[in-house]
Amino acid sequence: MKHVVNMVSENEWLKEYKDRADMNSFIKECKCDGAEVIRGGDDNTGIYCSENVVGVHLYFYPSWLDFWNMNIDGLKKHFGSREIWENYYRATNREEFLKPYQDDMDYAEAMGAEYAVFHINDVSNEEVLTYEWEHTNREVIVAAAEIINELTRGRNYHFKLLLENLFTPGMTLLNPNETELMLNLVNYENKGIVMDTGHLMCAPQNITEEEQGIDFVLQTVKNHGELAKYIKALHLHQSTTGNFVADLKTRNIIPEKDFYALWAQSYNVILNIDQHRPFTSPRVQEILELVEPEFVCHEISAKNRADKLEKVLVQMKALGRI
């Protein structure tokens with residue numbers, strides 16, 4: 001079982017890290033074996049390499065299904081104009097849309113990553129504000145599988161491709177039949193699931209206590225029976241924001257008219273729901289004992305390097321690793 005810490009590949013974000021040796025030192029301070037990296041922009045630091053990159057979190061858009069299906073009415077509804085959505089996606093067609101995903105997969109392969117993570121969800125800015133979904137889990141699952149199959153067809157990638165659950169339409173892990181459908185539709189042989197415990201705790205919309213969340217995660221794994229063997233990794237963190245969601249669903253939030261102002265508005269809501277806080281209860285060890293994952297990513301939100309270290313060590317303490 002390898003423990004990794006989530007990190008970003010981008011020049012500005014990496015300013016707190018002097019060089020590769022400094023990054024490796026930080027990883028060791030976190031009691032981890034490497035990093036799960038997400039690319040956030042240009043990175044000419046040379047800090048990341050095959051020695052410290054264990055996983056790569058692939059590129060993602062929160063909302064993409066309408067563009068993939070060229071649902072013009074849906075795109076107009078959420079973006080306003082073709083100019084805005086083509087600027088947002090940096091694409092006019094499916095081939096251009098797939099390029100950043102393909103680039104990230106190629107990056108993962110070049111880095112010798114042992115696994116790569118693909119989000120299985122779709123949610124618009126407006127849906128975040130109302131919690132009224134426009135697409136079904138099945139619609140998202142089917143389209144996501146189409147994308148993955150297109151990206152991996154004819155490619156000799158060596159990494160495990162791990163599908164990540166979220167709490168908006170897609171693969172939520174609330175329904176084992178939908179989980180099975182997702183796995184069956186993906187043609188990539190070396191596939192599995194990265195179970196994001198925080199996302200899972202957000203999915204039923206009623207988790208308000210850490211112990212309650214741990215119980216729910218454990219029961220969800222048990223509900224999956226033999227399918228649980230596909231859970232190869234954990235994104236380990238907690239969110240206990242059921243009260244916030246309950247309040248959100250009663251509020252009549254007026255969406256911003258400008259698309260990017262609306263994006264900022266919905267992102268602020270997401271940050272209040274999906275908090276990526278460290279577990280503090282030793283009972284979190286029960287999750288690892290039940291799942292027996294190959295990888296545990298301490299995907300913790302933090303303001304800076306010192307804050308990240310402090311919070312990762314809180315979770316490591318709960319796990320009994322310090």
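This is a predicted model: local features need pLDDT of at least 70, side-chain atom pairs count only at pLDDT 80 or more; totals for chains, interfaces and linings use all residues.
Local features need pLDDT of at least 70 and side-chain atom pairs pLDDT 80 or more, while totals for chains, interfaces and linings use all residues. Residues are numbered from 1 along each chain as its sequence is written, and side-chain values use heavy atoms, without hydrogens or water.

Me: Why is the contact of R305 and E29 called a salt bridge?
Reply: The term asks for a side-chain nitrogen of Lys or Arg within 4 Å of a carboxyl oxygen of Asp or Glu. R305 and E29 have N to O at 3.9 Å. That value is within 4 Å, so the pair counts. A search of the whole structure finds 16 salt bridges.

Me: What makes R305 and E29 a tie between separate parts?
Reply: R305 lies in helix 14 (residues 305-318) and E29 in helix 1 (residues 20-29), so the pair ties together parts 276 residues apart in sequence. Helices here are DSSP runs of H or I with at least four residues, strands are runs of E with at least two, and both are numbered from the N terminus.

Me: Why is R305 called buried, and E29 partly exposed?
Reply: Buried means under 20% relative accessible area, exposed means over 50%, and partly exposed is in between (1.4 Å probe, protein chains only). R305 has 16%, so R305 is buried. E29 has 36%, so E29 is partly exposed.

Me: How do you know that E294 and K160 form a salt bridge?
Reply: Their N to O distance is 3.3 Å. The limit is 4 Å, so the pair qualifies. This pair also links distant parts of the chain, 134 residues apart. E294 sits in the loop between helix 13 (284-291) and strand 8 (295-298), and K160 in strand 5 (residues 160-164). E294 is partly exposed, at 33%.

Me: What separates D307 from K311 along helix 14?
Reply: About one helical turn, because D307 and K311 are four residues apart in helix 14. They form a salt bridge, with the closest N and O atoms 3.1 Å apart. D307 is buried at 11%, whereas K311 is partly exposed at 27%.

Me: Which residues are linked in a network of salt bridges?
Reply: The network links E211, D215, R283 and E286.

Me: What makes a nonpolar core, and which residues have the most contacts in the largest one?
Reply: A core is a set of buried Ala, Val, Leu, Ile, Met, Phe, Trp, Tyr and Cys residues joined through side-chain atoms within 4.5 Å. The largest has 85 residues, and W64, Y89 and F97 have the most contacts inside it. Helix 7 (residues 137-152) gives the most to this core, with eight residues. A second, separate core has 13 residues, including L129 and F167.

Me: Which residues does W64 touch?
Reply: Contact means heavy atoms within 4.5 Å. Leaving out residues up to four places away in sequence, W64 touches Y89, F97, N121, D122, V140, A143, A144 and I147.

Me: Why are Y59 and Y61 called edge-to-face?
Reply: Rings of Phe, Tyr and Trp (its six-membered ring) pair if their centres lie within 6.5 Å; planes under 30 degrees apart are stacked, over 60 edge-to-face, the rest tilted. Y59 and Y61 have centres 5.1 Å apart and planes at 85°, so the pair is edge-to-face. Y61 is buried, at 5%.

Me: What makes the pair of Y157 and F159 stacked?
Reply: Their centres are 4.9 Å apart, with 25° between the planes. That angle is under 30 degrees, so the pair is stacked. Both residues are buried. The structure holds 25 aromatic pairs.

Me: Is Y131 buried or exposed, and where does Y131 lie?
Reply: Y131 is buried, because its 9% is under 20%. Y131 lies in the loop between helix 6 (125-130) and helix 7. Y131 too has a positive phi, about 60°, although it is not a glycine.

Me: How do you know that K222 is exposed?
Reply: K222 has a relative accessible area of 53%. The cut-off is over 50%, so K222 is exposed. K222 lies in helix 10 (residues 210-223).
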